[in-house]
Amino acid sequence: MKVWKYGDNINTDMLFPGKYTYTCSTPIEIKPHLLEDLDPSFANAVKEGDIILAGKNFGCGSSREQPVVGLKAVGIKAVVAESYARIFYRSSINQGLLLIECPQAVKAYSDGDNISLDLEGGKINISRKIFSFPKLPKEILAISKAGGLLEYTREKLKKKK
Amino acid sequence: MAMTFAEKILAKYANKKSVIPGEIVTVHPDHLLTHDNTAAIIQKISKELDEYGIFSRQLPIIVLDHVIPAASEKTALNHKNIRDFVKKHRIKHFFDVGNGVCHQIVVEKGLALPGKLLLGSDSHTCSYGAIAAFSSGIDRTESAALMLTGETWLKVPQTIKMELNGKLAKGVYSKDLILYIIGKISASGANYCSVEFHGDVEQFSVEDRFTIANMGVEMGAKNAVFMVDDVTRKYLNYLKVDPSSYNAVYPDINAEYQEKLSYDLTKISPQVSCPHTVDNVKPVSEIEGLEIQQCLIGTCTNGRISDLQIAANLLRGKKVHPDIRLIVLPASKQIFEDALQNGIIETLVKAGGVILPPGCGPCLGAHQGVLAPGERCLSTANRNFKGRMGCKDAEIYLASPATVAASAIHGKITDPRREMKK
């Protein structure tokens with residue numbers, strides 16, 4: 001498991017350049033351009049189960065969802081950041097990508113530290129230092145449990161029928 | 001219970017007497033805005049659309065503006081799929097290529113009204129706070145779900161109250177003000193929050209307010225809003241909106257705010273946002289003389305008639321510097337027509353400007369004015385992220401239409417007040 005560490009204000013253009021927004025929308029089309037202008041090594045080297053650690057305001061900027069779809073598709077286990085921009089946060093709920101807002105954990109991490117996650121308990125362990133993060137409200141958890149917003153919506157439509 | 005603007009609107013749409021920050025409510029927005037990304041949205045739910053149909057043909061507002069006219073077979077096919085969808089589901093509010101930028105259309109056509117709730121799959125959906133609506137950006141997947149069910153959840157935000165005191169000096173505009181505020185509060189300073197503007201706001205037209213509300217998202221805000229006043233009423237009257245079709249919503253005097261900030265407008269000078277974050281803001285005096293290669297006047301932030309008029313006033317009888325490419329995009333067909341009638345377009349073209357069709361153009365780097373490595377662009381748009389205009393090795397600076405026009409004459413970043421003194 002690799003930890004990819006980035007700074008503050010990582011915006012959606014850095015995560016997925018705007019010039020591809022209207023020509024790439026499937027995970028296969030998105031993958032090669034993921035983080036292209038931020039970290040050209042990412043798209044080839046990222047592996048399932050990797051974690052992204054970042055500073056403040058991760059995902060700020062555009063409402064494009066390719067960054068979230070892409071990070072989910074390459075198997076990013078969680079993003080741990082000091083804070084997130086709101087559209088990116090909603091988008092991650094909709095796609096079932098785990099975001100953890102925990103400034104203390106981000107600040108405590110140094111290169112080479114081990115990270116493990118206890119999702120049920122809402123805990124993150126960084127080289128034996130344990131930090132808690134708040135659980136999502138039940139309305140939001142229902143979306144995650146269904147596997148994302150589209151699946152949640154499909155269930156809702158079936159019930160109504 | 002005393003409530004802020006956001007709390008009142010969300011209580012109303014959740015059918016509750018009151019709500020508190022942090023509470024999650026289910027709402028049915030009045031409209032859902034989507035643009036070229038409609039193609040990707042409907043693709044996600046093609047089966048469901050066949051089986052259940054669309055929630056309401058009145059709900060969506062679809063505007064083709066991001067890559068227009070189509071730049072490739074792929075974008076052309078997207079547009080075609082959207083037109084087919086619009087016909088099949090008899091979508092009421094559809095605006096094809098050439099009508100303008102989505103946010104301008106929504107306001108210009110009277111689709112955003114005071115007290116209404118709008119969501120859109122574009123981050124600058126927050127613009128309609130200019131007209132006292134509550135509006136906010138969401139993603140494609142959520143837009144897909146809304147098309148099917150008409151409902152979604154919103155978390156009631158905390159509110160920041162911004163008090164604007166005094167008048168802006170000559171040569172200083174609403175763009176300078178919002179850049180100044182973002183420079184102070186930072187790109188995440190209003191994250192998840194609703195922002196209300198109060199104080200000496202009567203000096204700002206709806207067009208000026210549009211520029212400010214549009215950039216609310218650049219400080220992380222969920223929405224940014226000016227309350228209904230005579231300026232709003234006059235504008236709606238000009239649009240021939242029936243006053244009985246909307247209800248003005250005002251925050252309670254003793255509403256609770258997360259933070260109250262005040263700004264002395266008399267002290268603000270022309271501002272420039274420098275690469276590569278919008279909050280990297282400096283007074284123009286600090287970077288005057290920096291050479292640029294492209295100037296852009298337009299976009300949903302500053303492509304309205306007053307913006308083009310300011311640029312034309314500065315460029316009348318002058319020539320754009322030979323090393324500069326000046327690109328101008330009216331934000332809508334209506335604005336384009338008005339600018340043609342007023343002689344603004346003629347002035348800008350004679351000065352050396354290149355006019356692009358009403359749309360988003362080069363703002364998102366997909367076509368029409370992409371930058372080369374090592375180039376600098378001074379733009380009236382709202383974002384200067386690395387790579388935003390199609391090239392990660394180019395630099396984007398953001399400023400008011402006056403600063404961009406004055407700089408286009410000199411080939412370098414210039415304080416517009418120098419040109420006004422002449």
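**View 1. A:Phe42 and the residues around it in chain A.** A:Phe42 touches A:Trp4, A:Leu34 and A:Leu35, leaving aside residues up to four places away in sequence; contact here requires C-beta atoms, placed from the backbone, within 7 Å. This is a predicted model, in which local features need pLDDT of at least 70 and side-chain atom pairs count only at pLDDT 80 or more, while totals for chains, interfaces and linings use all residues. Residues are numbered from 1 along each chain as its sequence is written, and chains are lettered from A and ligands numbered from 1 in the order in which they are written. A:Phe42 sits in helix H3 (residues 42-45) of chain A; helices (H or I, at least four residues) and strands (E, at least two) are DSSP runs, numbered from the N terminus. Although A:Trp4 is 38 residues apart from A:Phe42 along the chain, their C-alpha atoms are separated by 8.4 Å.

**View 2. The contact of chain A with chain B.** Chain A brings 35 residues to the contact and chain B brings 43 residues. On the chain A side, helix H1 (12-15), helix H5 (86-95) and helix H8 (149-160) are the elements that give two or more residues. That side divides into 10 nonpolar, 15 polar and 10 charged residues. Here Ala, Val, Leu, Ile, Met, Phe, Trp, Tyr, Cys and Pro count as nonpolar, Asp, Glu, Lys and Arg as charged, and the others, Gly among them, as polar.

**View 3. Two packed helices of chain B.** Helix H12 (residues 305-315) of chain B packs on helix H14 (residues 344-351) of chain B at an angle of about 50°, with axes 9 Å apart. H12(B) is therefore oblique to H14(B), as angles under 35 degrees count as roughly parallel, over 145 as roughly antiparallel, 65 to 115 as roughly perpendicular and the rest as oblique. Axes are lines fitted to C-alpha atoms, for helices over the stretch in contact, and angles run from 0 to 180 degrees between N-to-C directions. Which residues of H12(B) meet H14(B)? They are B:Leu308, B:Gln309, B:Ala311, B:Ala312 and B:Leu315, which meet B:Ile344, B:Thr347, B:Leu348 and B:Ala351.

View 4. The four strands run in the order E10-E9-E8-E11 (chain B), with parallel pairing; strands pair if DSSP finds at least two bridges between them. Strand E10 (223-226) and strand E11 (259-264) of chain B each have a single partner strand, so one side of each has no neighbour in the sheet. The twist averages 20° from one strand to the next. Strand E9 (residues 194-199) of chain B pairs with E10(B) over four bridges, and B:Glu196 has B:Val225 as its bridge partner in E10(B). Helix H8 (residues 206-214) of chain B lies across E9 and E10 of chain B, at about 160° to E10(B).

**View 5. Helix H1 of chain B.** Seven of the nine residues of helix H1 (residues 5-13) of chain B are buried, so this helix is largely enclosed by the rest of the structure. Among the buried residues are B:Phe5, B:Leu10 and B:Tyr13. B:Leu154 touches B:Leu10, B:Val25 and B:Val27, leaving aside residues up to four places away in sequence.

Conventions: Contact = placed C-beta atoms within 7 Å. Buried ≥ 20, exposed ≤ 12 C-beta atoms within 10 Å, placed from the backbone.
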